[in-house]
Amino acid sequence: MKDIIRRGLEDIKPYEPGRPIELVEKELGITEAIKLASNESPYAPFPKVLEAMRESLLDVNRYPDGGSTFLREGLSNKLGVPASRIMVGQGSNELLRLLANVLLDPGDEAVMADPSFIVYPTVTKLMNAKPILVPLKDHAHDLDAMAKAITPRTKMVFICNPNNPTGTIVTRDEVERFIESVPEDVVIVFDEAYFELVRDNNYPNGMDYINEDRPIVVLRTFSKVHGLAGCRIGYGIAPEFIITAVNKVREPFNVTSVAQ
Ligand SMILES: Cc1ncc(COP(=O)(O)O)c(C=O)c1O
């Protein structure tokens, strides 16, 4: 049969999730295996969260609030940014894809560290754009090399801070020097999935750069420290024009009511 699958997908490998722990235990004849594959919390969600989730189950006959209104309001109060600059997704993973959807034209480039979160090259290739991989230095992002890798075709840069899979951070000084050296129309995405787990005083809070007149995006998630990976819910802070574009391409009810 004629190849009817769109060109460009041949380069993309499906994400390989960890296998269900019950299967692995059965196969190996062991119990109490510890699952580390996706950096989930080993603990159940907080009791108040479970209570809210149970209550919300009674409303699943209705579609969820497509604008995640109350969650965005709550995040707005907590973070001190207008709700109009906040987007909510099916995990921050969905937001990474939506950002690629609205920013990358075919042939554009996205700069990222290597190795880093596997989803960055995938969402880039999905748009027939080109991932530019910059090797880590001492297991950490080499921001000077990443700045040098930027060309007129570069639309976005992913900074995974802390980095998955090495757990290293880039410091406040390094980030500030980087922002200074990047052209003003290149979107810098700070992926802070593990933000709440960092104890290093030199760790920068991406939110400190969000009010600058620059296309800077911060992504956070409820999957890790909050123990809600199975609910698929994450959020992002970005300039309003990016949120407006994302709203055009996301599904109308992308986040379940239980997750919200
Ligand atoms: C660096 C990083 N970013 C984003 C994600 C996506 O998390 P979620 O889609 O559950 O919010 C992960 C999950 O492993 C991650 O490690």
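The model is predicted: local features need pLDDT of at least 70, side-chain atom pairs count only at pLDDT 80 or more, and totals for chains, interfaces and linings use all residues. Residues are numbered from 1 along each chain as its sequence is written, and side-chain values use heavy atoms, with hydrogens and water left out.

**The ligand and its surroundings**

- Helices (H or I, at least four residues) and strands (E, at least two) are DSSP runs, numbered from the N terminus.
- A nitrogen atom of the ligand lies 2.6 Å from a polar side-chain atom of Asp191.
- An N or O atom in the side chain of Tyr194 is 2.6 Å from an oxygen atom of the ligand.
- For the side chain of Thr221, an N or O atom is 2.5 Å from an oxygen atom of the ligand.
- The protein buries 95% of the 400 Å² that the ligand exposes when taken alone. Accessible areas come from the Shrake-Rupley method with a 1.4 Å probe; for residues, only the protein chains shown count as cover.

**Salt bridges**

- Side chains of opposite charge can pair when their charged atoms come close.
- The structure holds seven salt bridges. A salt bridge is a side-chain nitrogen of Lys or Arg within 4 Å of a carboxyl oxygen of Asp or Glu.
- Glu27 pairs with Arg19 in a salt bridge, and their closest N and O atoms are 2.7 Å apart. Glu27 is exposed, with a relative accessible area of 56%, whereas Arg19 is partly exposed at 43% relative accessibility. Buried means under 20% relative accessible area, exposed over 50%, and partly exposed in between (1.4 Å probe, protein chains only).
- Glu40 and Lys35 form a salt bridge in which the closest N and O atoms are 3.4 Å apart. Glu40 is partly exposed, with a relative accessible area of 31%, and Lys35 is partly exposed, with 34%.
- Glu192 forms a salt bridge with Arg220, with the closest N and O atoms 2.8 Å apart. This pair links distant parts of the chain, since Glu192 is in the loop between β5 (187-191) and β6 (216-221) and Arg220 is in strand β6, 28 residues apart. Both Glu192 and Arg220 are buried.
- A network of salt bridges links Asp105, Asp108, Arg153 and Lys155.

**The chain as a whole**

- The protein chain contains eight helices and seven strands. Its radius of gyration is 19 Å, close to the 18 Å that the globule rule gives for 260 residues, so the chain is as compact as a globular protein of that length. The radius of gyration is taken over C-alpha atoms, and the globule rule is 2.2 Å times the number of residues to the power 0.38.
- The C-alpha trace of the protein chain spans about 50 × 50 × 45 Å along its principal axes.
- Of the 260 residues in the protein chain, 44% are buried.

**Backbone features**

- Most residues other than glycine have a negative phi, and most peptide bonds are trans.
- Asp114 and Pro115 are joined by a cis peptide bond, with omega about 0°. Pro115 lies in the loop between β2 (109-114) and α5 (119-126).
- A cis peptide bond, with omega about 0°, also joins Asn161 and Pro162. Pro162 is in the loop between β4 (154-160) and α7 (172-181).
- Ser68 is not a glycine, although its phi is positive, at about 45°. Ser68 belongs to the loop between α2 (47-57) and α3 (69-79) and is buried at 2% relative accessibility.
- Arg232, which is not a glycine, has a positive phi of about 60°. Arg232 is in the loop between β6 and β7 (234-237) and is partly exposed at 32% relative accessibility.

Technical notes:
A polar contact is a pair of N or O atoms within 3.5 Å; within protein, one must be able to donate a hydrogen and the other to accept it, and residues adjacent in sequence count only if both atoms are side-chain atoms.
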